[in-house]
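Please look at the sequence and the structure shown here. The paragraphs that follow go through some helices and loops, one at a time.

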Amino acid sequence: MSDSPDPVVQRNAGETVAQFDHHSRSLLDRTQHFLHQYPTMVPVIVLVLSLIAFGMISPNFFSAFNLSLILQQVAVVGTLAAAQSLVILTAGIDLSVGAVMVLISVIMGNLAVNFGIPVPIAIVIGLACGAGTGALNGLLVTRLKLPPFITTLGTWNIFLALNYYLSGRETIRSQTLDAEASLLKFFGTRFNLGGAVLTYGVILMIIVFAVLYYALYKTAWGRRVYAVGDDPESAALAGIQTKKVLMSVYVVAGVICGLAAWSSIGRVGSISPTSFFEANLESITAVVIGGISLFGGRGSILGPLIGALIVGVFNSGLRLAGVDVLWQLFATGWLIIFAVAIDQWIRKVSS
Amino acid sequence: MTEPLLSARNLVKRYGRVTAMDHADFDLYPGEILAVIGDNGAGKSSLIKALSGAVRPDEGEIRLDGKPISFDSPLDARKAGIETVYQTLALSPALSISDNMFMGREIVRKNFMGKFFGMLDKPAMDSFAREKLSELGLMTIQNISQPVETLSGGQRQGVAVARAAAFGSRVIILDEPTAALGVKESRRVLDLIQDVRSRGIPIVLISHNMPHVFEVADRIHIHRLGKRLCVINPKEHSMSDAVAYMTGAKVPDEVAA
């Protein structure tokens with residue numbers, strides 16, 4: 001340090017930009033720095049490699065039909081992962097997203113089918129309830145200062161109980177929905193796109209990610225979400241009202257869970273209070289594999305989209321290769337551990 | 001004599017049975033560098049937190065330009081033109097220099113996208129950040145959008161000072177700006193402080209480093225046992241005097257008299 005020219009401050013403002021030492025860095029170092037700068041590259045590389053690998057194993061894998069099927073399969077969990085990403089970006093975690101989604105789908109279905117409320121209004125009420133569940137989580141986290149993990153562990157159970165209560169543990173059947181509330185199945189609508197068969201649910205997932213991308217990178221709100229997740233004390237001292245930001249994150253996450261609920265009705269076709277029991281953990285899996293740090297403030301919102309696709313590709317690829325389902329779990333498990341290990345390594349980057 | 005720009009009278013702050021500030025006074029005059037020194041636990045940080053809005057005093061009065069003011073949060077103090085560079089710097093390491101400089105007061109585009117979709121005016125923010133950093137001779141930083149955590153300690157300090165200088169229209173408070181820095185980097189921060197002062201903004205400098213204090217300060221506020229013991233002129237007192245006053249080993253003439 002002492003004998004190299006220090007690039008900190010030069011008295012002549014106009015002087016040329018100082019150079020940092022680059023030559024001494026090894027390839028590993030440079031990789032670490034590169035990934036530090038572009039954390040989404042890890043999931044992108046994993047996705048590309050797994051696509052190539054499964055494409056070589058099974059010839060059918062690369063068909064437009066199969067690839068679009070993967071998109072359909074990840075649409076619901078992917079949308080849910082968008083909500084999860086927001087919370088994880090603030091260094092929290094939301095264990096209740098899956099339960100909220102099922103609860104909202106039950107609310108939408110109940111209002112429309114059992115109470116005869118016009119379907120669009122039932123949907124709006126459902127989305128508002130989603131915001132309400134987020135607001136409850138947010139209040140508990142910001143006002144009572146409870147850890148998000150415990151808060152949402154609690155509300156997960158509460159929302160599940162409400163869900164069983166409101167549904168009477170009964171499934172609203174597909175035919176009933178078709179007859180009385182077909183709009184609820186809107187996101188299950190299929191369309192062809194040059195051999196690929198997509199659903200509106202896939203489009204919804206992509207729109208949710210696109211909107212979040214805009215909000216997180218192009219608005220002040222997004223920068224504040226990152227700042228609060230990165231270092232809440234610093235953010236507060238820099239003049240950010242951290243509680244407001246956290247609160248808004250939970251509410252937005254709740255609304256997205258509501259959208260995922262609507263999308264899930266289209267995907268499943270019916271409304272079952274016992275569906276998507278593993279959606280919580282699957283959403284966290286997508287976020288973690290997508291390279292968003294569980295410690296908050298780091299990672300790109302597009303990562304979880306790719307993370308969800310990676311899980312989908314592994315499941316589809318292994319199935320096409322005729323491998324037992326248990327190996328899908330096995331592979332997902334290692335992916336999670338790999339993703340977190342990479343995150344830890346990237347965070348250790350030295351300047 | 002000119003009126004103090006920022007002053008405080010009889011500030012009291014109690015934490016349970018501990019009295020952190022015991023009728024503390026404070027005066028900062030226009031255009032000066034005022035150092036605040038004191039032993040650990042003397043109540044310096046409570047005083048500074050009260051002035052920067054991070055703590056609400058239980059009693060007492062703070063005046064800016066002779067008018068009484070009260071701050072509920074650092075945001076209020078900032079709105080009044082008082083910027084603080086905390087010892088922790090209050091930077092978000094993963095965010096860019098530009099993001100950090102505008103944290104909490106981002107510039108939104110003037111057009112439709114800005115008005116209805118809150119789109120940030122990144123080009124304007126970047127060029128403003130670049131301009132402020134160059135003003136303070138900090139433009140050796142390569143890329144305004146590089147994350148703060150990739151900067152050295154001195155560079156980070158520079159960014160925090162530049163942020164305060166860019167927005168602090170009235171007063172800049174620096175809490176231990178050189179404590180975490182090496183000799184060379186400290187040097188640059190001290191130069192930076194004098195640069196900012198030469199632009200007419202008075203500075204409150206909290207520091208443990210006597211040579212630094214004696215080098216840049218116009219007056220030295222010595223804090224002891226929760227209140228202002230005395231204010232000395234660094235040209236008339238030695239460093240060992242200051243330390244003696246601070247620790248109570250010696251009583252300054254003004255107080256004894």
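This is a predicted model: local features need pLDDT of at least 70, side-chain atom pairs count only at pLDDT 80 or more; totals for chains, interfaces and linings use all residues.

The axis of a helix is a line fitted to its C-alpha atoms over the stretch in contact, and the angle between two axes runs from 0 to 180 degrees between their N-to-C directions. The axes of helix α6 (residues 153-167) of chain B and helix α7 (residues 183-198) of chain B come within 10 Å and cross at roughly 10°. Because angles under 35 degrees count as roughly parallel, α6(B) is roughly parallel to α7(B). On the α6(B) side the contact involves B:Gly153, B:Gly154, B:Gln157, B:Gly158, B:Val161 and B:Ala165, and these meet B:Glu185, B:Arg188, B:Val189, B:Leu192 and B:Val196 of α7(B). Sorted by kind, the residues of this contact are five nonpolar, four polar and two charged.

Helix α2 (residues 41-57) of chain A has 17 residues, which at 1.5 Å a residue should span 24 Å; the C-alpha atoms at its ends are 24 Å apart, so the two agree. Which residues of α2(A) are buried? They are A:Val42, A:Pro43, A:Val46 and A:Phe54. Because these residues cover an arc of only 85° around the axis, they are on the same side of α2(A). An α-helix has 3.6 residues a turn, so residues three or four places apart point the same way. Among what covers the buried residues of α2(A) are α1 (27-37), α12 (279-289), α13 (302-320) and α14 (326-347) of chain A. On the face turned away from the buried side, α2(A) carries the exposed residues A:Ile45, A:Val48, A:Leu49, A:Ile52 and A:Met56.

Helix α11 (residues 242-268) of chain A has 27 residues. From first C-alpha to last, α11(A) reaches 38 Å, close to the 39 Å expected at 1.5 Å a residue. Is α11(A) largely enclosed or largely exposed? Since 21 of its 27 residues are buried, α11(A) is largely enclosed by the rest of the structure. Just after this helix, A:Gly269 takes a positive phi of about 95°.

A:Phe186 and A:Gly266 are 80 residues apart along the chain, yet their C-alpha atoms are separated by 5.9 Å. With 17 other C-beta atoms within 10 Å, A:Phe186 is partly exposed.

Backbone angles are the last topic. Most residues other than glycine have a negative phi, and most peptide bonds are trans. A:Lys145 has a positive phi, near 55°, and is not a glycine. A:Lys145 sits in the loop between α5 (119-142) and α6 of chain A, and it counts as exposed because 9 C-beta neighbours lie inside 10 Å. In chain B, B:Ala90 also has a positive phi, of about 55°. B:Ala90 lies in the loop between β6 (82-85) and α3 (97-101) of chain B. Is B:Ala90 buried or exposed? With 24 C-beta neighbours inside 10 Å, B:Ala90 counts as buried, because the cut-off for a buried residue is 20 or more.

Definitions and conventions. Residues are numbered from 1 along each chain as its sequence is written. Chains are lettered from A and ligands numbered from 1 in the order in which they are written. Helices (H or I, at least four residues) and strands (E, at least two) are DSSP runs, numbered from the N terminus. The expected span of a helix is 1.5 Å times one less than its number of residues. A residue is buried if 20 or more other C-beta atoms lie within 10 Å of its own, exposed if 12 or fewer, and partly exposed in between; C-beta atoms are placed from the backbone. The arc is that of the directions from the helix axis to the C-beta atoms. Two residues are in contact if their C-beta atoms, placed from the backbone, lie within 7 Å. Angles under 35 degrees count as roughly parallel, over 145 as roughly antiparallel, 65 to 115 as roughly perpendicular and the rest as oblique. Ala, Val, Leu, Ile, Met, Phe, Trp, Tyr, Cys and Pro count as nonpolar, Asp, Glu, Lys and Arg as charged, and the others, Gly among them, as polar.
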